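Here's a quick briefing to read alongside the coordinates. Have the viewer open while you go through it.

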Amino acid sequence: MKVIVSVTHGTDDPTQATLGVLAAKAAADQGHDVTLWLQGEGAVLANKNVYPHVQGVNMPAMKDAVEALVDKGVPFWVCKACGAARGVTEDNWVSTASYQGMADFVSAALEADKNIDF
C-alpha cells in the first residue's frame, strides 16, 4: 500500500512528533511504500542537527527511527514554506529530504491508499 504519514509537530511536541515517525517506520517495516510529509513544526525533523534531540516521553529514540527510515530510502517531503521558515535547507537536511509544495502533498494524498496524520 501507498502510505503518507503527515507530521505537524517537532520540538513543540516531541511525543506527538515521535509517534508520527514511529508510525512511518512501522509502515515501512511492514513493506508499505511510505512518504513522510513534514509540515509546520514537523519540518524540523528533516534537519539532521535537530531530530537527534527530539525525544518523546517514554518513546523509543527519534534518532533511531529517523535513521531507519533514511536507510530504507523513505522520502521526507518538507513543506517548502515551513522548512524555509525554520532553517531546514539542503545544507542540513537528511539525505532523503526534499522540498515539496502543498499541491504535491494533495496529489500524493489523493493517490495514496492511506494518509495517517500526527
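This is a predicted model: local features need pLDDT of at least 70, side-chain atom pairs count only at pLDDT 80 or more; totals for chains, interfaces and linings use all residues.

Residues are numbered from 1 along each chain as its sequence is written, and side-chain values use heavy atoms, with hydrogens and water left out.

**Helix H1**

- Buried residues (under 20% relative accessible area; exposed is over 50%, partly exposed is in between, with a 1.4 Å probe and protein chains only) in H1 are Ala17, Thr18, Gly20, Val21, Ala23, Ala24, Ala27 and Ala28.
- An α-helix has 3.6 residues a turn, so residues three or four places apart point the same way.
- Strand E1 (2–7), strand E2 (33–38) and helix H2 (62–71) are what the buried residues of H1 pack against.

**Ala24 up close**

- Ala24 sits in helix H1 and counts as buried because its relative accessibility is 0%.
- Leaving out residues up to four places away in sequence, Ala24 touches Val5, Val34, Leu36 and Leu69, where contact means heavy atoms within 4.5 Å.
- From Ala24 to Val7, 17 residues apart along the chain, the C-alpha separation is 9.7 Å.

**Helix H2**

- Met62, Ala65, Val66, Ala68, Leu69 and Val70 are buried in H2.
- The cover over those buried residues includes H1, E2 and strand E3 (76–79).
- After H2 comes Gly73, with a positive phi near 80°.

**Strands and crossovers**

- E1 and E2 run parallel and pair over six bridges; strands pair if DSSP finds at least two bridges between them.
- Lys2 has Asp33 in E2 as its bridge partner.
- E2 and E3 are also parallel, joined by three bridges, and Trp37 stands opposite Trp77 in E3.
- E2 is mostly covered, with five of its six residues buried.
- E1, H1 and E2 form a right-handed β-α-β unit, and E2, H2 and E3 make a right-handed one too. Right-handed means that, with the strands pointing away from the viewer, the path from the first strand over the helix to the second runs clockwise.

**Aromatic pairs**

- There are two aromatic pairs, counted when ring centres of Phe, Tyr and Trp (its six-membered ring) lie within 6.5 Å; planes under 30 degrees apart are stacked, over 60 edge-to-face and the rest tilted.
- Trp37 and Phe105 are stacked, 4.8 Å centre to centre with 15° between the planes.
- Trp37 is in strand E2 and Phe105 in helix H4 (residues 102–111), so this pair ties together parts 68 residues apart in sequence.
- Trp93 and Tyr99 are edge-to-face, 4.9 Å centre to centre with 80° between the planes.
- Trp93 counts as buried at 13% relative accessibility, whereas Tyr99 is partly exposed at 24%.

Methods: Helices (H or I, at least four residues) and strands (E, at least two) are DSSP runs, numbered from the N terminus.
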